[in-house]
Amino acid sequence: MPGKTVFWFDILGAEEGYSVDMDQLKAINETRAIAHEVIALLQEVEKNLKSARGWGFYDMLGGGVLTGMIKHKKIRQAETLLNEVQQSLVELQEKLGSVHVAIEVSVGITDFQRFMDIVFDNIVSDWITQNKINQSREEAKRVQDEVVDILAALDRLEMELSCM
């Protein structure tokens with residue numbers, strides 16, 4: 001993958017044939033630290049969405065208002081974490097330059113939908129909420145996979161730089 005190597009060198013401000021300096025390795029490590037932070041946040045998002053999904057199943061079986069409130073608390077916690085993920089991804093993208101990690105992760109439940117789900121507590125509103133939770137989990141996993149790929153590329157670059 002020589003093409004990717006040149007691309008990564010461009011991000012770090014180096015060109016082929018130049019000696020490796022500590023600034024380049026420092027840039028790799030800083031970028032790696034941000035990527036690990038994103039992954040840790042996404043794991044917390046997954047944990048909250050998985051919990052919300054579990055409460056959602058119980059809610060669909062007739063769990064009641066309290067169950068719906070707990071489910072939405074978990075959803076709100078995931079949304080708060082997703083905001084942190086988005087901020088960290090902006091920072092990661094700044095470090096990476098032209099590499100773009102698309103994130104459109106949001107549970108996407110409006111206050112009105114939340115109200116309808118809790119107050120009217122019926123199978124239709126529960127199913128809609130459950131569907132949004134599942135879509136959000138899939139998208140969070142996709143973003144996490146992209147960040148893992150970035151980490152792998154950073155590892156390859158560091159290894160190549162170390163061999164120079």
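How many salt bridges does the structure hold? Good morning. The model before you is a predicted one, and the structure holds 11 salt bridges.

Let us take one of them. Glu 44 forms a salt bridge with Lys 47, and their closest N and O atoms are 3.9 Å apart. Both residues belong to helix H2, where they are separated by 3 residues, about one turn of the helix.

I turn next to the partner of H2. Helix H2, residues 22-60, packs with helix H5, residues 123-162, at an angle of about 160°, and the axes of the two lie 9 Å apart. Because angles over 145 degrees count as roughly antiparallel, H2 is roughly antiparallel to H5. The crossing of these two helices is left-handed. Which classes of residue make up the contact of H2 with H5? There are 22 nonpolar residues, together with 10 polar and 9 charged ones.

Let us now consider H5 by itself. At its start, a side-chain oxygen of Asn 122 comes to within 2.9 Å of the backbone nitrogen of Val 124. With 40 residues at 1.5 Å a residue, H5 should span 58 Å, and this agrees with its end C-alpha atoms, which are 58 Å apart.

Finally, helix H3 covers residues 65-96. After H3 comes Gly 97, which has a positive phi, near 80°. Thank you for your attention.

Notes: Residues numbered from 1 in each chain as written. Predicted model: local features only at pLDDT ≥ 70, side-chain atom pairs only at ≥ 80, totals over all residues. Heavy atoms only, no water. Axes fitted to C-alpha atoms, helices over the stretch in contact; angles between N-to-C directions. Helix = DSSP H or I, 4+ residues; strand = E, 2+ residues; numbered from the N terminus. Parallel < 35°, antiparallel > 145°, perpendicular 65-115°, else oblique. Left-handed = near helix turned anticlockwise from the far one by under 90°. Nonpolar A, V, L, I, M, F, W, Y, C, P; charged D, E, K, R; others polar. Expected span 1.5 Å × (residues − 1). Polar contact = N/O pair within 3.5 Å; in protein donor to acceptor, adjacent residues only side chain to side chain. Salt bridge = Lys/Arg side-chain N within 4 Å of Asp/Glu carboxyl O.
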